Amino acid sequence: MIYISDVLLTIFYACFGILLMLTANTVIDFFVPGKFSEEIKRGNCAVAWLSAGSFIGIGEILRSVIMSPAVTTADTSLLHGVVASIVYAVLGIVLFVTGYVFINLWHRKYNLSEEIMRGNTAAGILVFGIFVGLALVVSGAVH
């Protein structure tokens, strides 16, 4: 049976998830030189891949938080869910930026930021993989 409270909770978490994903993308845009909105308008596929990775990554982390609290005695209150979502979204953002910086430092033959802003799709796909991979690690740790 479908309960109105479950439907409202689903709508809330969907809207909250969108807000957290947009926040993550904005923070990541701050650390990657260039403006994502302008680059997307230009048709820069590398930025599109990077942005998609941040949205999918944060979405996967939030999905894991919502589905499986990291405590043995589940606290199912809305407040707990909101706080846990924020904490893990922030953790995801920090790890995404750290992973990006680490990979950028590791590969000294090219600069990811420059390649992405030039529209190098391969660089965007690499960052997409970094973000999704880190999200899978974080979401696995939540379980």
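This is a predicted model: local features need pLDDT of at least 70, side-chain atom pairs count only at pLDDT 80 or more; totals for chains, interfaces and linings use all residues.

Guide: Residues are numbered from 1 along each chain as its sequence is written, and side-chain values use heavy atoms, with hydrogens and water left out.

Visitor: How many helices and strands does the protein have, and what pattern do they follow?

Guide: Helices (H or I, at least four residues) and strands (E, at least two) are DSSP runs, numbered from the N terminus. On that basis there are 6 helices and 0 strands. Along the sequence, the pattern reads α-α-α-α-α-α.

Visitor: What share of the residues is buried?

Guide: Buried means under 20% relative accessible area, exposed over 50%, and partly exposed in between (1.4 Å probe, protein chains only). The protein has 143 residues, and the buried share of them is 38%.

Visitor: What percentage of the contacts with a separation of 6 or more joins residues 24 or more positions apart?

Guide: A contact means heavy atoms within 4.5 Å. Among contacts in the protein with a separation of 6 or more, those between residues 24 or more positions apart account for 75%.

Visitor: Where does UniProt place the feature "transmembrane region"?

Guide: UniProt positions are given in the numbering used here, feature names are shortened, and annotations may be inferred rather than shown by experiment. In the model, residues 7-28 are 100% helix, with end C-alpha atoms 31 Å apart, and residues 78-103 are also 100% helix, with end C-alpha atoms 37 Å apart. The record, an unreviewed entry, places the feature at residues 7-28, 48-66, 78-103 and 123-142.

Visitor: What covers the buried residues of helix 3?

Guide: Helix 3 has 23 residues and reaches 32 Å from its first C-alpha to its last, close to the expected 33 Å; the expected span is 1.5 Å times one less than the number of residues. Its buried residues include Leu 50, Gly 53, Gly 57 and Ile 61. The cover over the buried residues of helix 3 includes helix 1, helix 2 (36-42), helix 4, helix 5 and helix 6.

Visitor: Which residue at the start of helix 6 has a side-chain oxygen that reaches to within 3.0 Å of the backbone nitrogen of Ala 122?

Guide: Helix 6 has 22 residues and reaches 31 Å, close to the 32 Å expected. Among its buried residues are Gly 124, Phe 128, Phe 131 and Ser 139, and helix 1 (4-31) and helix 5 (112-117) are among the elements that cover the buried ones. The residue with that side-chain oxygen is Asn 120.

Visitor: Are the rings of Trp 49 and Phe 128 stacked or edge-to-face?

Guide: Rings of Phe, Tyr and Trp (its six-membered ring) pair if their centres lie within 6.5 Å; planes under 30 degrees apart count as stacked, over 60 as edge-to-face and the rest as tilted. By this rule there are 6 aromatic pairs. The centres of the Trp 49 and Phe 128 rings are 5.1 Å apart and their planes lie at 85°, so the pair is edge-to-face.

Visitor: How many residues apart in sequence are the parts that this pair ties together?

Guide: Trp 49 is partly exposed, at 34% relative accessibility. Trp 49 lies in helix 3 (residues 45-67) and Phe 128 in helix 6 (residues 121-142), so the parts tied together are separated in sequence by 79 residues.

Visitor: Which residues are linked in a network of salt bridges?

Guide: A salt bridge is a side-chain nitrogen of Lys or Arg within 4 Å of a carboxyl oxygen of Asp or Glu, and the structure holds 4 of them. Arg 118 pairs with Glu 114, the closest N and O atoms being 3.6 Å apart, and with Glu 115 at 3.1 Å. Arg 118 is exposed, with a relative accessible area of 57%, whereas Glu 115 is buried at 15%. The linked residues are Glu 114, Glu 115 and Arg 118.

Note on methods. A polar contact is a pair of N or O atoms within 3.5 Å; within protein, one must be able to donate a hydrogen and the other to accept it, and residues adjacent in sequence count only if both atoms are side-chain atoms.
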